[in-house]
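Below is a report on a predicted complex. It takes the chains together before turning to their parts.

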Amino acid sequence: MIIANNINKQFGKLKALDNVSVTCNKGECIALIGPNGSGKTTFIKCILGMVVCNSGFITVNGKNILHEWQYRADIGYMPQIGRYPDNMTIGQVLDMMKDIRNKKNTAIDEDLIKKFELDKLLDKRMRTLSGGTRQKVSAALAFLFNPAVLILDEPTAGLDPVAAEILKDKIIAEKANGKLILITSHILSELDDLVTQVIYMQEGKLIFHKSIGDLRADTGQEKLSKAIASVMLKTGNEKNN
Amino acid sequence: MKGVIIILCSCCFQASAFNIHVGSLQQFKTITAAVAAATTGDTIIVDKGIYFEKNLVINKQLVLKGINHPVLDGEKKYEIISIKSDNVTIDGFLLQHTGVSSITDFAAIKIYDRRYVTIINNIINDAFFGIYSQQGINCLIQNNILTANAIEEQQSGNGIHCWRSDSMRIIANTISGHRDGIYFEFVTNSVIWRNNSFKNMRYGLHFMFSNDDAYISNVFENNGAGVSVMFSHSVKMFNNYFKENWGDAAYGLLLKEINDSYIENNRFEKNTMAIYAEGANRIHIEKNVFKGNGWALKIQASCMDIQLIKNNFIGNSFDVGTNGSLVLNTFNNNYWDKYEGYDLNHDNLGDVPYRPVSLYSMIIEQNPPAMILFHSFITSLMDKTEKVIPSLTPENLKDEHPLMKSLPL
Amino acid sequence: MKKIIKYVIIDILRNKIVVAYTIFLLLLSFSIFNLEDNNAKGLLSLLNIVLIIVPLVSILFAAIYVYNSAEFLELLVSQPLKRKTIWLSIFAGLAFSLALAFFIGVGIPVMLYEFSATGITMLIVGLFLTVIFVAIALLATVQTRDKAKGIGVTILLWLYFSLLFDGLVLFLLFQFADYPMEKIMIGISAFNPIDLSRILVLLKMDVSALMGYTGAVFNDFFGKTYGMIIAVFVLALWIALPAWISARKFNRKDL
């Protein structure tokens with residue numbers, strides 16, 4: 001579904017992405033893992049066309065995304081920090097997004113709006129909202145149009161445990177619906193029951209892309225966090241040697 | 001006094017003289033014939049009608065009186081009346097369509113080197129020159145209405161034109177549409193009183209090489225270049241109203257090479273430059289009102305001993321402009337609406353001097369294209385700074401004791 | 001495109017600063033017309049304010065709005081929308097809202113007190129300046145990533161157009177005092193929309209006679225139809241060029 005081929009991206013002297021190639025398929029839930037500044041967010045932004053890569057190409061549904069914009073109709077994106085025009089109400093933001101997407105034939109998925117009880121806050125101005133509520137709006141927006149691909153950047157950061165659980169359930173449900181889900185997260189423990197594959201990045205390089213089963217087998221660890229930690233240790237040792 | 005006696009004498013003459021009537025129903029059909037038949041001191045009374053007299057020459061001492069403004073038509077070819085005798089009176093005619101020439105100065109009425117001529121109550125339309133006094137002495141020109149439609153300066157003459165004349169009285173005439181409304185060249189001891197000169201192509205009053213004259217209570221409005229007084233001395237300008245002489249090169253009053261003159265109690269309103277003085281010396285300017293002009297005063301460095309006392313300066317874009325740093329003129333006790341000083345002892349005099357020259361006006365004087373920055377942020381900023389720390393404006397160009405309140409003028 | 005413009009406008013019109021700006025202009029205009037005994041003079045005082053405050057508020061507000069909308073822009077970019085559409089919508093929304101504020105704040109008083117050719121020229125010029133400085137602000141913000149730096153740049157730009165440029169002109173005039181600079185000045189005025197606007201309004205007012213030969217040269221040019229068309233074209237170019245360049249830059253910008 002999403003194929004990235006030899007992606008390079010440089011910000012000044014910093015090499016944010018170094019020859020990254022990934023293939024992501026339908027029905028997978030892929031965790032993008034790596035330390036801070038490893039290029040996860042940049043990679044996501046490349047897919048979304050927010051950052052234009054220096055070389056290499058990305059295809060979504062078989063089409064090159066360079067200079068394209070329609071493909072984003074298939075993607076729901078939840079940013080790390082969601083900020084919206086200060087003076088708009090939640091209702092207006094939702095209306096605007098519906099307006100922009102203008103998808104009449106596909107059903108709108110208002111599941112999260114209801115579960116987060118956002119429908120009771122429709123008249124609230126965005127600037128009056130807490131960070132958590134804004135995250136809820138972002139999440140609701142990402143799922144709103146039933147996109148085939150969901151890209152969630154640190155989805156649970158800032159959410160209260162209840163909301164985080166709701167979101168997790170939603171992710172699992174959508175995975176079951178055959179959607180491709182990309183998640184970046186620092187909190188590895190909460191990814192355990194979600195992900196089917198893991199992409200591990202470090203310093204802009206793709207270290208590995210494995211199914212969770214393979215990873216467990218290779219490291220002998222059941223928990224994702226432990227597995228990753230042992231990988232990090234291993235790579236660290238290799239470097240030193 | 002002498003004049004009065006002479007007028008009285010001429011009245012005595014008339015009493016003993018004949019009245020000759022001219023008109024379609026009268027004995028004489030043309031004025032020319034009547035003049036030929038008349039003798040010294042006769043009065044020719046002309047009925048209403050149109051008369052084509054070609055050039056009517058008055059070579060006898062006569063009174064020509066029109067009833068209900070009979071029309072004398074010059075057919076655009078002739079000078080209408082030529083006065084070649086002393087003591088002639090032309091009263092109550094409508095003169096129109098003089099000839100136009102670039103060689104001869106055709107006039108509706110021309111005085112040739114004569115004295116005691118009276119031209120009153122006439123209407124003069126579409127004349128090249130209106131009333132022309134060539135070496136006239138002691139003549140009265142009163143209550144005439146002169147209207148022309150000058151389009152080009154070359155194709156039009158002056159309304160009342162006096163050359164090498166003396167003791168002229170130009171009173172209560174209305175002049176418009178000529179090249180210059182009133183033109184004085186080498187005219188002395190004369191008075192211009194209560195005239196209204198407007199919408200003339202060039203100057204409302206053009207005044208050259210004419211000394212010891214006074215012009216009082218005239219209105220000069222909306223003339224191409226305002227009023228110009230040049231190369232003269234001992235001129236008195238009182239109670240005149242210089243109004244709306246507005247244009248690229250229009251002056252309320254242009255003073256050039258003028259000495260020992262008085263400008264008092266005049267009103268200057270909405271002129272591009274109310275007074276522009278160049279080479280003017282010993283001029284006394286007192287109790288005038290300068291209101292809403294572009295420049296109230298432009299005094300070039302060639303001026304000396306101009307005294308500006310007790311004038312009101314209200315709503316002018318620039319109060320005073322000058323091109324030099326040395327100022328030999330005096331400003332005192334004027335009211336300036338831009339003055340921001342204070343009066344602690346309440347004597348109605350400001351305690352700090354007022355500097356009427358702004359930095360920007362100095363800059364324009366040196367570099368006229370800088371006018372493109374008119375009303376820009378930088379120029380107002382510069383003016384404000386200069387007010388606080390004067391550096392470039394002439395040090396001694398200031399009103400030491402500006403008035404706090406405007407004078408009731 | 002219309003949809004985004006609509007929502008941007010809804011957002012900005014609720015903004016307290018825009019409301020305050022409108023009221024400020026309204027109060028200022030009314031008080032100027034009431035204080036000056038002569039409406040034409042009131043217009044002149046108003047002109048000075050229009051030439052200083054309108055560009056300042058337009059450029060600053062637009063820049064701050066764009067910086068504050070960085071995440072919102074990201075969100076929009078992640079939607080199936082053309083980047084150019086997004087950027088031009090933001091531009092159009094900002095330009096329309098600020099122009100509306102100007103029109104209410106200055107336009108209404110001018111129409112009530114001085115509904116003349118001069119008054120209308122000043123209104124048109126003010127609207128142009130509003131849009132021009134929004135466009136310049138967008139160009140500045142797309143170039144500089146950092147908010148503080150970007151706002152600094154916009155203030156510098158404003159200072160340049162309203163003050164420094166004229167200082168340079170003055171310097172040039174004195175450097176080349178021996179040459180006839182009048183005609184060249186017409187060309188130079190095209191490089192500063194504030195100067196061009198000021199001259200256009202001044203020529204409409206009868207103060208143009210004060211400007212002497214320079215005024216005559218300018219009047220000769222701008223008084224004619226083609227001169228006026230060129231002036232309006234130049235002002236339009238001051239909108240189109242920064243807007244277009246900024247849209248191109250935004251198209252390639254990494255968010």
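Contact here means that the C-beta atoms of two residues, placed from the backbone, lie within 7 Å.

The model is predicted; local features need pLDDT of at least 70, side-chain atom pairs count only at pLDDT 80 or more, and totals for chains, interfaces and linings use all residues. Residues are numbered from 1 along each chain as its sequence is written, while chains are lettered from A and ligands numbered from 1 in the order in which they are written.

**Confidence**

The predictor assigns the complex an ipTM of 0.84 and a pTM of 0.82. Helices (H or I, at least four residues) and strands (E, at least two) are DSSP runs, numbered from the N terminus.

**Interfaces**

Two pairs of chains touch, and the pair with the most contacts is B and C. In that pair, 18 residues of chain B are in contact with 30 residues of chain C. The side of chain B that touches chain C has 10 nonpolar residues, seven polar and one charged. In these classes Ala, Val, Leu, Ile, Met, Phe, Trp, Tyr, Cys and Pro count as nonpolar, Asp, Glu, Lys and Arg as charged, and the others, Gly among them, as polar.

Between chains C and A, 20 residues of chain C meet 23 residues of chain A. On the chain C side, the elements giving two or more residues are α1 (2–13) and α4 (70–77) of chain C. The largest share, five residues, is from α4(C). This side of chain C divides by class into eight nonpolar, four polar and eight charged residues.

**Chain B**

Chain B has four helices and 38 strands. Its C-alpha trace spans about 85 × 40 × 30 Å along its principal axes. Of its 409 residues, 47% count as buried, a residue being buried if 20 or more other C-beta atoms lie within 10 Å of its own, exposed if 12 or fewer, and partly exposed in between, with C-beta atoms placed from the backbone.

**Strands of chain A**

Two strands pair if DSSP finds at least two bridges between them.

| Strands | Sense | Bridges |
|---|---|---|
| β1 (residues 2–11) and β4 (residues 55–60) of chain A | antiparallel | five bridges |
| β3 (residues 29–33) of chain A and β9(A) | parallel | four bridges |
| β9(A) and β10 (residues 205–211) of chain A | antiparallel | six bridges |
| β3(A) and β8(A) | parallel | four bridges |
| β7 (residues 149–153) of chain A and β8(A) | parallel | five bridges |

One open sheet in chain A has four strands in the order β2-β1-β4-β5, with antiparallel pairing. Its edge strands, each pairing on one side only, are β2 (14–24) and β5 (63–64) of chain A. Helix α1 (residues 40–48) of chain A packs on this sheet, touching β1, β2 and β4 of chain A, and its direction makes about 60° with that of β2(A). The angle runs from 0 to 180 degrees between N-to-C directions; axes are lines fitted to C-alpha atoms, for helices over the stretch in contact. Within the sheet, Ile2(A) stands opposite Val60(A) in β4(A).

Strand β9 (residues 197–202) of chain A has six of its six residues buried, so the rest of the structure largely encloses it. Gln197(A), Ile199(A) and Met201(A) point one way from β9(A), and Val198(A), Tyr200(A) and Gln202(A) the other way. Gln197(A) stands opposite Ile30(A) and has Ser211(A) as its bridge partner in β10(A). A hairpin is formed by β9(A) and β10(A), with two residues between them; in the turn, Glu203(A) has a positive phi of about 50°.

Strand β8 (residues 180–184) of chain A is mostly covered, five of its five residues being buried. Leu180(A), Leu182(A) and Thr184(A) lie on one side of β8(A), with Ile181(A) and Ile183(A) on the other. Ile183(A) is the bridge partner of Ala31(A), and Leu182(A) that of Ile151(A).

**A helix pair in chain C**

Helices α9 (residues 193–204) and α10 (residues 212–222) of chain C pack at an angle of about 95°, with their axes 10 Å apart. They are therefore roughly perpendicular to each other (under 35 degrees counts as roughly parallel, over 145 as roughly antiparallel, 65 to 115 as roughly perpendicular and the rest as oblique). In this contact, Ile199(C), Leu200(C) and Leu203(C) of α9(C) meet Phe218(C), Asn219(C) and Phe222(C) of α10(C). By class, the contact has five nonpolar residues, one polar and no charged.
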